[in-house]
Amino acid sequence: MLDEPLKKILGGTTAKVLAEHLGLHTVGDLLHHYPRRYAERGELTTLADLPLDEHVTVVARVADARVHTFNHGRGQRLEVTLTDGSGRLQLVFFGKGIHKPRHDLLPGRRAMFAGKVSVFNRKLQLAHPEYELLAGEGGDDAVDAFAGRLLPIYPAAQKMPSWKIAKAVDAVLPSAREAVDPLPPTLREGRGLVPLPEALLKIHRPATKADIADARARLKWDEAFVLQVALARRRFAETQLPAVPRPLTEDGLLDAFDARLPFTLTDGQQKVSREIFDDLATDHPMHRLLQGEVGSGKTMVALRAMLAVVDTGGQAAMLAPTEVLAQQHHRSITEMMGELAEGGMLGGAERGTKVVLLTGSMGTAARKQALLDLVTGEAGLVIGTHALIEDKVQFHDLGLVVVDEQHRFGVEQRDALRSKGKQPPHLLVMTATPIPRTVAMTVFGDLETSVLDQLPAGRSPIASHVVPAKDKPHFLARAWERVREEVEGGHQAYVVCPRIGDEEEPKGANGAKKKAQGDGEEAAEEAEKRPPLAVLDVAEQLAKGPLAGLRVEVLHGRMQPDDKDDVMRRFAAGEVDVLVATTVIEVGVNVPNATAMVIMDADRFGVSQLHQLRGRVGRGSAPGLCLLVTEMSEASPARARLGAVASTLDGFELSRIDLEQRREGDVLGQAQSGVRSSLRMLAVIEDEDVIEAAREEATATVANDPELAGLPELRVALDALLDTDRESYLDKG
């Protein structure tokens with residue numbers, strides 16, 4: 001019943017709009033299109049806080065209505081002012097479209113109005129909204145229909161206002177009785193949840209607020225549980241895979257490496273290392289997510305795991321998202337290992353191994369040698385980019401794969417690399433983007449998580465400040481003075497811009513426009529006038545103006561790899577004072593002498609991205625300074641975001657703020673490949689307890705019955721959630 005196409009029940013036109021604009025195709029899709037909120041008769045949507053550019057549904061009273069003529073009397077427009085006590089809203093109708101509303105919308109009448117909010121002459125307005133009169137204006141039936149009812153307000157689209165969706169829901173609601181209940185009965189009764197058909201009826205047509213609460217509690221459980229079962233099945237399947245155990249070896253490369261270390265590991269590094277070594281010693285593949293702030297010493301932990309694997313005769317591969325980062329890891333790992341990285345070479349340690357770099361832009365000879373070292377097993381450690389995944393690359397015995405910055409790395413690639421082992425290798429995923437626990441449980445549900453939350457000794461605090469360039473231009477002038485002071489003190493600085501600047505102008509401008517609208521800020525208009533600041537322009541202005549006389553260089557993604565490396569090498573060597581760059585420096589660039597960072601148009605970056613960027617300064621013994629430059633006005637949401645970044649260095653706190661500001665669905669929607677329906681009812685941050693409980697229940701359910709043979713309804717729900725052939729990709733895509 002629920003797979004029945006909507007066009008059979010609703011007629012072609014309505015079904016077409018629902019499919020095209022809201023992605024709803026079947027009866028089941030529509031039943032799971034839940035109301036966003038409920039308006040009570042008499043409780044009005046406040047006009048004072050209408051969002052710009054969004055489709056809204058408001059309930060309000062007509063204050064006055066006037067017809068104006070223009071074009072010497074040839075054209076007519078009807079202007080209607082609505083009020084709800086909190087604010088006023090202008091409606092406008094043109095041409096022939098004014099006849100019906102002129103007759104209906106008399107002062108004092110109440111109605112529901114739906115349309116897209118725009119600004120005209122500095123006033124909010126709806127042009128040609130759809131409307132439906134309320135209470136008594138349409139005879140007794142309408143009064144009965146609306147009296148004392150909670151009116152569901154649905155997420156709507158331009159051609160499909162909320163009440164039209166409500167009418168469509170009325171047509172399919174009887175089918176809710178046939179909804180198959182995915183929750184095992186013992187679980188449902190044990191947690192006192194209402195059956196699914198009842199929950200669907202109550203969410204769409206609640207009689208009381210208690211109905212809404214019951215329905216929500218139940219529907220959240222469905223989402224959390226089905227998703228967690230999918231993840232639990234994946235974890236279970238992984239434990240069934242064979243892997244070569246890699247127990248710790250005495251007196252090997254790892255011990256020799258630890259003996260060389262000029263400092264002791266933090267407690268956190270030791271604890272996480274123990275978790276990893278325990279996993280490596282088992283005969284099924286480790287799957288661990290290692291989260292740690294920028295600079296918490298993740299690379300050190302990963303390197304020790306890699307050396308432990310080399311001690312057992314295996315090889316370890318580290319995958320980086322960019323060539324710059326791969327080269328940097330290669331450099332820093334070879335430095336940390338010293339003579340241990342010169343296995344088989346004169347002057348190398350007897351226990352040493354070879355550390356090879358493999359990237360796409362390498363010369364043929366170097367590449368041949370690297371591939372040879374991998375096949376023969378001469379190289380115990382390899383660091384590279386996607387080039388490692390190519391068919392030509394063969395390993396002697398791949399035992400561990402370390403993936404850096406998972407969010408830039410698809411599952412398909414992870415699996416391709418994994419297939420290079422004789423048996424599936426162990427896997428360690430590193431990320432510097434702090435992920436709140438519940439999101440980790442939802443998005444990375446197939447990985448066990450370790451967190452490094454202490455900064456190693458010798459790291460300096462970073463002071464961050466917002467620089468309002470428009471309200472206080474002298475603050476910006478002072479920012480450039482601060483950069484000069486840092487350079488005079490023997491340090492270096494970064495200036496980060498959102499754009500490179502040699503692309504065709506309109507493209508940049510559109511990107512800005514989209515971004516600004518995405519944030520729904522008053523910036524939209526300014527952004528249209530001004531594309532985001534570009535590296536090439538800013539570098540030129542700084543070199544001629546406030547930073548004249550300093551050695552200013554640029555770095556961006558469209559430079560040739562050799563040029564990039566050359567600039568980075570000279571910056572690291574202290575031959576460049578100020579590096580003007582795009583976010584290519586976001587991951588992994590390590591120059592301890594760089595102490596200041598100025599981020600231009602900081603409002604164009606996400607919260608986690610700003611946090612990542614900021615982590616590039618204060619990596620040495622001198623304190624770091626990060627200045628967030630913005631032209632946004634003080635009241636804007638963008639400024640609030642920047643204020644949050646400036647006020648805390650706690651990445652987990654920031655990622656929570658980031659999540660609350662983005663819509664929940666996006667987080668999982670982009671993150672899960674193979675998941676058709678993103679979360680509708682579950683809020684990842686607020687519903688931590690539901691997600692945790694669902695994870696426990698799911699793990700137990702799968703352990704008892706891995707094939708879910710006794711739970712056919714749950715299987716059906718799983719198939720609906722996953723495109724079955726992609727269940728193995730339920731993962732960070």
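The legends below describe several close-up views of a predicted model.

Residues are numbered from 1 along each chain as its sequence is written, and side-chain values use heavy atoms, with hydrogens and water left out. Because the model is predicted, local features need pLDDT of at least 70 and side-chain atom pairs count only at pLDDT 80 or more, whereas totals for chains, interfaces and linings use all residues.

**View 1. The open sheet of seven parallel strands.** Seven strands make up an open sheet with parallel pairing, in the order β11-β12-β10-β13-β14-β9-β15. The edges are taken by β11 (354–358) and β15 (448–452), each of which has a single partner strand, so one side of each is left without a neighbour in the sheet. On average, neighbouring strands of this sheet are turned by 20° against each other, direction ignored (axes are lines fitted to C-alpha atoms, for helices over the stretch in contact, and angles run from 0 to 180 degrees between N-to-C directions). Strands (E, at least two residues) and helices (H or I, at least four residues) are DSSP runs, numbered from the N terminus, and two strands pair if DSSP finds at least two bridges between them.

**View 2. The pairing of β13 with β14.** Strand β13 (residues 398–404) and strand β14 (residues 426–431) run in the parallel sense and are joined over five bridges. One of the residues to look for is V402, whose bridge partner in β14 is L428.

View 3. A326 belongs to helix α13 (residues 323–337) and is buried, with a relative accessible area of 0% (buried means under 20% relative accessible area, exposed over 50% and partly exposed in between, with a 1.4 Å probe and protein chains only). Leaving aside residues up to four places away in sequence, A326 touches A320, L357, T359, I383, G384 and T385, where contact means heavy atoms within 4.5 Å. A326 and L358 are separated by 32 residues in sequence, and their C-alpha atoms are 8.3 Å apart in space.

**View 4. K202 in helix α8.** K202 lies in helix α8 (residues 196–204) and, at 17% relative accessibility, counts as buried. When residues up to four places away in sequence are not counted, K202 touches D211, D214 and A215.

View 5. D258 and R304 form a salt bridge in which the closest N and O atoms are 2.8 Å apart (a side-chain nitrogen of Lys or Arg within 4 Å of a carboxyl oxygen of Asp or Glu). Because D258 lies in helix α10 (residues 253–260) and R304 in helix α12 (residues 298–311), the pair ties together parts that are 46 residues apart in sequence. D258 is partly exposed at a relative accessible area of 25%, whereas R304 is buried at 9%. By this rule the count comes to 32 salt bridges.

View 6. K271 and E275, both in helix α11 (residues 267–280), stand four residues apart, about one turn of the helix, and their side chains meet in a salt bridge of 3.8 Å, N to O. K271 is partly exposed at 43% relative accessibility, and E275 is partly exposed with a relative accessible area of 23%. In helix α20 (residues 535–544), E540 and K544 are likewise four residues apart, and the closest N and O atoms of their salt bridge are 3.0 Å apart. E540 counts as partly exposed at 46%, while K544 is exposed with a relative accessible area of 63%. Elsewhere, salt bridges that share partners join R478, E481, R482, E485 and E486 into one network.
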